[in-house]
Amino acid sequence: MQAAIFVLVVLVFVAVSGALVRLVRVPLPVLQIAIGAALAWPVRGIHVEIDPELFLLVFIPPLLFSDAFGAPKRELMALRGPILDLAIGLVFFTIVGFGYALHWLVPSIPLVVAFALAAVLSPTDSVAVSSIVDRNVVPARLMHILEGESLLNDASGLVMFRFAVAAALTGSFSFAAASLSFVYAVAVGILAGVAALFVAAKALQLLNRIGGVPAEAQVLITVLLPFVAYLGAEHFGASGILAAVTAGLLTGSTGIFRFLGVSARMQTISLWTTFSFVFNGALFIVLGLQLPEIIRKVPPELSSRHWLLEPVLTVLLLTLCLIALRFVWIWIGDITAGFAARLGKRKTEPFGLRVRLAGSVSGVRGAITLAGILSLPLALQDGSPFPARDLVIFFAAGVIICSLVIASLALPVIARGLVEPGEDAGAAEERMARVGAAKAAIAHLESIAQTDEEEGDVPGLKLAAANGIVAAYRRRIAASDEADEARAEVREAGRLEIDLRLAGIAAERGALRAMLRRGEINDHTARALFTEITLTEALLNGRQTRK
């Protein structure tokens, strides 16, 4: 019962945070972490023990799958060089640089444990990145690189974290064995994601052949897909995170949705949108719930002289160290890419100083870091306590909060003016696609209208119906015309048409409610008609917003 109440409380405050963020000028993740900390801070506040493996299983596969599915595949493929450079190269650079810096700053932390903390801090959080980074102020190229990096560096960071923990437990480390294990974890993780996607496609294809299967059964398969990919990879000792990401990246391109009915497609889109919001919010609230307990256990190494000042300054220095390492790596990678482009006589677009700084500050940490560091064993193989466990957990939690706060405050200042005002490239591409699709539809409809009418058809009815639909497509093309006057006229006509249709829908809804009250229709009929009206209204409202 307590677990059920806890889940309900978290869900309630996820909904509250969605409304409260409109009133508070802070990013949603920071607000949700603050709510979680407030819930846990009082003497009788909420306290929950996190099982790291369960935490990773419940939250990470669906969130990474959703982010990977929505990621722009074309841009990620075009930017695969810098993305892999950050997702793999920067992870190793961070482990070495941050590990030695931490050991020098806090000598009581053994070097191998410092490397473990550096490894679990190296992945950036895709959820936090997308929540913190404003797409309207950060250049699109940098945003795509940050998204791709955060999807892939979780696997490399956690694999190296496991190696560092194993070295701390056994007292030995083999670079050759670690390299082979890393390649195995990556390769098998990718294969597990592909295999899970194949199984899901076959299951949906089978349900499609059976026919008459409820849409909810098809939707359930898409919900289970990231969990199957994650558990399959983990079963073989590979990266479950990379498996979930692979499944998400390939879902759109494999055409798996062609096996879903129209109702199942709509339910899937709506369900995953809700999942993303709920899981994101619950994740950050749970993170906040852990903070008071971690802060109460401030290690004595940091509180001997100043209980608050010394821990805060240490965490700030470590966070700035991570930002500096990231800046250096981005700067080196940018210069190297420019040099290679000149040698190959290719065009290059080097980042400026402010873009490099924005990319460095945007590397925020989140759920993967906390879940990984909480999975540290309590004792070594000989039964002695794991060295500096409480200390590194405190540092990990502090860096998560500090990186979020620094990004929230500094990024708007750094990125101001980086994006030139004007039409978004994505909007122009969408307009071009709409015009192309409309022209293809017009050509096809005109060819159908010109065919001979079948026996029994009302004369001229097919041509009249086709002309009406073609006129709607021509209005869509005119609305995308470059001429401002033509577009303004069509937009006004479209606005009037939408207003009239919305007025008609309001009348329909009122009539249905009256019939339901009088008992002329039952609840099932009313629900079906209300759903149909709501979908139509949503489409019209979407068109009205775009206009």
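Visitor: What should I know before I start?

Guide: This is a predicted model: local features need pLDDT of at least 70, side-chain atom pairs count only at pLDDT 80 or more, and totals for chains, interfaces and linings use all residues. Residues are numbered from 1 along each chain as its sequence is written, and side-chain values use heavy atoms, with hydrogens and water left out.

Visitor: How do I read a salt bridge, and how many are there?

Guide: Look for a side-chain nitrogen of Lys or Arg within 4 Å of a carboxyl oxygen of Asp or Glu. Searching the whole structure gives three salt bridges. One joins the side chains of R326 and E149, at 2.7 Å from N to O. This pair links distant parts of the chain. R326 is in helix α13 and E149 in helix α8, 177 residues apart.

Visitor: What counts as a helix here?

Guide: Helices are DSSP runs of H or I, at least four residues long; strands are runs of E, at least two. Both kinds are numbered from the N terminus.

Visitor: Are R326 and E149 buried or exposed?

Guide: First, the scale. Buried means under 20% relative accessible area, exposed means over 50%, and partly exposed lies in between, with a 1.4 Å probe and protein chains only. R326 and E149 are both buried.

Visitor: Which side chains does E234 meet in a salt bridge?

Guide: E234 meets R162, at 3.5 Å from N to O. E234 lies in helix α10 (residues 215-235) and R162 in helix α8, so the pair ties together parts 72 residues apart in sequence. E234 is partly exposed, at 26% relative accessibility. R162 is partly exposed too, at 40%.

Visitor: Where does R356 come in?

Guide: The side chain of R356 forms a salt bridge with that of D334, at 3.1 Å from N to O. R356 lies in helix α14 and D334 in helix α13, so this pair ties together parts 22 residues apart in sequence. R356 and D334 are buried.

Visitor: Which residues of helix α14 are buried?

Guide: Helix α14 covers residues 353-361. Its buried residues include V355, R356, A358, G359, S360 and V361. Their cover includes α8 (140-170), α13 (309-343) and α16 (389-415).

Visitor: How do I read a pair of aromatic rings?

Guide: Take rings of Phe, Tyr and Trp (its six-membered ring) and check that their centres lie within 6.5 Å. Then check the planes: under 30 degrees apart is stacked, over 60 is edge-to-face, and the rest are tilted. By this rule there are eight aromatic pairs. The rings of W272 and F275 have centres 5.7 Å apart and planes at 85°, so this pair is edge-to-face.

Visitor: Where do W272 and F275 sit?

Guide: Helix α12 (residues 262-296) holds them, three residues apart, so about one helical turn separates them. W272 is buried, at 12% relative accessibility. F275 is partly exposed, at 23%.

Visitor: What kind of pair do F394 and F395 form?

Guide: Their pair is tilted, with 6.0 Å centre to centre and 55° between the planes. F394 is buried, with a relative accessible area of 9%. F395 is buried as well, at 0%.

Visitor: Which residues do ring pairs link into a cluster?

Guide: F59, F65, W272, F275 and F279 are linked this way.

Visitor: How do I read a nonpolar core?

Guide: It is a set of buried Ala, Val, Leu, Ile, Met, Phe, Trp, Tyr and Cys residues joined through side-chain atoms within 4.5 Å. The largest one here has 97 residues. F55, F98, L102, I109, L117, I373 and F395 touch the most other members. Helix α16 gives the most to this core, with 16 residues. Another core, of 24 residues, lies apart from it, and L197, A215, L225 and L260 are among its members.

Visitor: What does I109 touch?

Guide: Contact means heavy atoms within 4.5 Å. Leaving out residues up to four places away in sequence, I109 touches L102, H103, A114, A388, L391, V392 and F395.

Visitor: Where is T124?

Guide: T124 is in the loop between α6 (111-121) and α7 (126-132). T124 is buried, at 2% relative accessibility. T124 and I400 are 276 residues apart in sequence, yet 9.8 Å apart in space, C-alpha to C-alpha.
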